Amino acid sequence: MASVETAAEHERILREIESTDTNCIGPTLRSVYDGQEHGLFMEKLDVRIRNHDREIEKMCNHHFQGFVDSITELLKVRGEAQKLKSQVTETNGRLQDDGKELMGSMEELQKCRVQQRNIASTIDKLSHCLPVLEMYSRLQEQMRAKRYYPALRTLELLEHTCLPRAGQYRFCSIMAENIPMLRTQIRDTAMTQLRDFLESIRKHSDKIGETAIRQVHVEVPGAQDLVDFSPVYRCLHIYTVLGLRDVFENYYRKQRRKQARLVLQPHSNMHETLEGYRRYFNQIVGFFVVEDHVLHTTQGLVNRAYVEELWELALSKLIAALRTHSSYCDNPDLVLDLKNLIVLFADTLQGYGFPVSQLFDMLLEMREQYGEILLKRWNVLDQDNFSPIPVSTEEEYKHYTAQFPLQDPELDKLPFPKKLPFSEFVPKVYCQLKEFIYACLKYSEDLHLSSTEVDDMIRKSTNLLLTRTLSHCLQYAIKKKNVGLAELVQVIINTTHLEQSCHFLEEFISNITNVPPDSANATKLYGTSTFKDARHAAEAEIYTNLNAKIDQFLQLANYDWMAAAPGGGALEASDYLVDLIAFLKSTFSVFTNLPGKVAQTACMSACKHISTSLTELLLDPEVRQISIGALHQLNADVQECEGFARAGPVAGFQGDTLLLAFSDLRQLLELFTQWDWSAYLADYGKPSCKYLRVNPHTALNNVFPQFRKPDRDRQKLIDTLDDDQHMS
């Protein structure tokens, strides 16, 4: 069994050797040597070789004739081949000769091809490098031109697009290394420009604000045109590209807050001139005009909340500063100019969308201060001469009647020269009242008030002028020392005419405010009561001064209470009394322009005062004895007074009304001069003597029941007679 299997295996190997490529026969032969029967295999291989040799021989014998024929043909061919070889050699020589030039051209062509390939390669490389170089050159040019935002864009394109395409070159590496430094340089330069911009707008904010304020009323270029905002935009874009927008926004807002605090800090002497206020307002307007422009052009660098926060801060500090500085001002013109400046300031910022109602509220507060300043500076009495105004011509008359609404037909008919009843005080007061009203109206302009509010404001301010300032001036003029009766009379005349002119002031206010004076909400002027009170005070002062003058004359009285009885003929009145009556006549002649009731009251008061004073002289406790002669002299003086009363120094008294002022004194004199005291004493059983003792109670209560004195004077008379007076 083993030999059969071995024989089969050897047969297989032989077939494999016959059919297998010689390159792969190695493993087959190795399998023979791996076995134990390689000798037997060699024998079989020899047998197979011999078989194949016999087959080859058979085949050769079969094809021998053809082979011989082929050799014969080949020999024939050899001759031809020799000829062909010679020809080929000859042709080759010729070709070699002819090809030398071609080979030279081919070599040159080859070199050209190499150069062309190199050039193409170079062009390809340069096509990637040139954009880098061009981009870098553009970057340098933009940096030199300080166009940093385009430079940053170029830098981004260079780093992320051009350099990766260029390849690994040394100059590319150098450029790549420089990119961070260039970014830092651009960022720092942009920030430097921003700082310069911030410093510039801080210095020029007043100019920006001035232009913005002028723009409200005049067609001028916008305030934004004065400012180059490109540094802000560039810096914002640069920091945005660098991913540092938040850093930039925080820095910008922080710096502007600092500048806002500086702008809102007023100068210490700002209140001295309007220019100081104007610069202050211009700076604030300039600041917020810039912020408003940045708000609307930078898409988030500042937002509405930030700007409103700054405005609230500015508004509080501004109002506090204005309240402080305006309180130092005592010039109404400056306050009015300041008000107009604040209105312009408010209108300008309101045009930019900022709320300004608090500013107008503050202006209403300043209105009260303005009124107070006007009131303090208002005084016309110091220059008045308290004399009626003389007018010589029609022009002068029209001049004064144009200043004051005088309506006196009787005066109009009088020829020139003539006198107006009032002094310079009246037209001055009336004109200054109108000027005051105009000033109040001027202040109320542009405050966005209704006609009713303006009317109410003017009337209240005018009432303050009337009831406080003017009233104080009049009271001072009336009460001051050395004021004469003529001056007091003129004050009464003046206040009477001013009182009559109050309805003209009412109409004047209504005309300029377009609010009817009879409107339900219209405040009434207190001029009538003010002038009436002043007139009453002047009247009372006239009575007081007149009595004081009378007292001065009475102090000159020097009666000889023990004078002897006069001889024949009528006694003349005392010199002091004659002078007193002359003074009264002169004084009451001045009273002709006074209201009749005032003159009558003054005259009655003077007569009563004289009567009372003479009675007090007669009943003075120091006078213990009175002679008949003294009584006759006193009687002569009383008759002089009674004659003055009968003469009617003041028109308007009915009958002997004025004479009644001396009736009590007359009865007292009759008591002492006409009664028969000796008969009276005899009835009481007392001895008659030269000097008679009088019982005052009996004399006053029983003997003369018709004698009625006021309790005070009655008691004084009783006390005097009780003092054991003797009468001759």
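At what angle do helix H9 (residues 304–326) and helix H11 (residues 357–377) pack, and how many Å apart are their axes? The views below come from a predicted model, in which local features need pLDDT of at least 70 and side-chain atom pairs count only at pLDDT 80 or more, while totals for chains, interfaces and linings use all residues. Residues are numbered from 1 along each chain as its sequence is written, and side-chain values use heavy atoms, with hydrogens and water left out.

**View 1. Packing of helix H9 with helix H11.** The two helices pack at an angle of about 5°, with their axes 11 Å apart; axes are lines fitted to C-alpha atoms, for helices over the stretch in contact, and angles run from 0 to 180 degrees between N-to-C directions. That angle makes H9 roughly parallel to H11, a term for angles under 35 degrees. Helices here are DSSP runs (H or I, at least four residues), numbered from the N terminus. From H9, Glu312, Leu315, Leu318, Ile319, Leu322, Arg323 and Ser326 meet Gln358, Leu359, Met362, Glu365, Met366 and Gln369 of H11, where contact means heavy atoms within 4.5 Å. By class, seven nonpolar, three polar and three charged residues form this contact of H9 with H11 (Ala, Val, Leu, Ile, Met, Phe, Trp, Tyr, Cys and Pro count as nonpolar, Asp, Glu, Lys and Arg as charged, and the others, Gly among them, as polar).

**View 2. Helix H6 (residues 230–241) and the glycine that follows.** The twelve residues of H6 reach 16 Å from first C-alpha to last, close to the 16 Å expected at 1.5 Å a residue, the expected span being 1.5 Å times one less than the number of residues. Buried residues of H6 are Ser230, Pro231, Val232, Cys235, Leu236, Ile238 and Tyr239, buried meaning under 20% relative accessible area, exposed over 50% and partly exposed in between (1.4 Å probe, protein chains only). After H6 comes Gly243, whose phi is positive, near 75°.

**View 3. Helix H21 (residues 628–646).** With 19 residues, H21 reaches 26 Å from its first C-alpha to its last, close to the 27 Å expected at 1.5 Å a residue. Among its buried residues are Leu631, Leu634, Asp637, Cys641, Glu642 and Phe644. Gly648, with a positive phi near 65°, follows H21.

**View 4. Ser663 in helix H22 (residues 663–673).** Ser663 counts as partly exposed, at 24% relative accessibility. Its C-alpha atom is separated by 8.5 Å from that of Ser611, although Ser663 and Ser611 are 52 residues apart along the chain.

Terms used: Angles under 35 degrees count as roughly parallel, over 145 as roughly antiparallel, 65 to 115 as roughly perpendicular and the rest as oblique.
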